[in-house]
Amino acid sequence: MLTGYAFLGLAYGILMQSAGFPFWYPALISLVVYAGSMQYAAVSLLGAAFDPAGAFFLTLMVNARHLFYGVSMLEPYRAAGKKTPYLVFAMSDETFSVNVSACPPEGVDRGWFMFWVSLLDQFYWVAASALGGLLGRVLTVSTKGIEFVMTALFVTIFTGQWMEDREHRPALVGLGASVLCLALFGAGNFILPAMALIVLLLLVMRPALDKMGAVR
Amino acid sequence: MTTAQSLITIGIIALGTVFTRFLPFWLFPKGKPGAAHRGISGKGAALCCDGPVGGVLFEGCAPAAAPYGPAGADRRGGDGGPACLEKNTLLSVGVGTVLYMLLVQLVFV
């Protein structure tokens, strides 16, 4: 966990620094937003014209997967009592994947166990982002091209999902809709229409996809 | 974008993130579990106490299930011997980024 967060957090801090932000920006964003992929997407949002509604909808789209995490964690997180609000706030992909399968040793309270996992994870992330922001300034090697870390992350996630799943139609819908919207709306405006089109197509295809799932 | 505007944007992104994380807890009030909720949380519970497989997931591979969500985590558990993709993911991202940086700095100057 520490290695993963350290690497991606450092890269995020360096990326923010190279985009012209002081080190406390990545640290603050990691503290209050705490959603890796959205933070990467926000680098370009913060560099563009002020568009609060666009930022809100993009956040909902990029983070929609958290809805499914929340549904899985309703009972264990509620059982944690006063710690519940923080546990829900800090439910990043990585923290969710540890907590959903957390079997603490006997005598250890699961609520406290999940709380410390969440807190430590966020601490790693905030510290690495701040460090990246500071290092970016003193780094003597050129950081030109560091923004590729975001593309590399998304390509790796996509490839992983492709290899994991036998059903490739949803992935192909995503690719096709994105390419189509990129051609129609241009690089600056294609994300929202592409996401809307993907949701629409998946809703239309859902009966067929459900059938496939049932057969398997 | 001014500093104030960027801080407002950060606030909005934070709000949007909080919204997606808290929504299920508002939609399914305590004591009224919906069908969907029962189905998925059941899988999570099975994963938790699934002895050795749960252990393997917890020991090192749990983060690998992250991009796939609960269903992915469950599927990995069901496979019996989940492949540990976490290190590969990180390695791919790291090597890919360094390679790209070298290319844009040294080759395609």
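Which helix of chain B holds B:Leu102? B:Leu102 lies in helix α5, residues 86-107, where helices are DSSP runs of H or I with at least four residues, numbered from the N terminus. This is a predicted model, in which local features need pLDDT of at least 70 and side-chain atom pairs count only at pLDDT 80 or more, while totals for chains, interfaces and linings use all residues. Residues are numbered from 1 along each chain as its sequence is written, chains are lettered from A in the order in which they are written, and side-chain values use heavy atoms, leaving out hydrogens and water.

**Where the chains meet**
- In chain B, 56 residues are in contact with 72 residues of chain A, contact being heavy atoms within 4.5 Å.
- The two chains bury about 5,500 Å² between them, 74% of it from carbon and sulfur atoms; this is the accessible area (1.4 Å probe) lost on being put together, summed over both.
- B:Ile13, B:Arg21 and B:Phe25 supply 14% of what chain B buries against chain A, more than any other three residues.

**Around A:Ile29**
- Beyond its neighbours within four places in sequence, A:Ile29 is in contact with residues including A:Tyr12, A:Met16 and, from the other chain, B:Ile10.

- A:Thr84, in helix α6 (residues 84-89) of chain A, is buried because its relative accessible area is 12%, and buried means under 20% (1.4 Å probe, protein chains only), exposed over 50% and partly exposed in between.
- Not counting residues up to four places away in sequence, A:Thr84 touches A:Tyr77 and A:Arg78.
- B:Leu102 has 44% relative accessibility, so B:Leu102 counts as partly exposed.

Terms used
Helix = DSSP H or I, 4+ residues; strand = E, 2+ residues; numbered from the N terminus.
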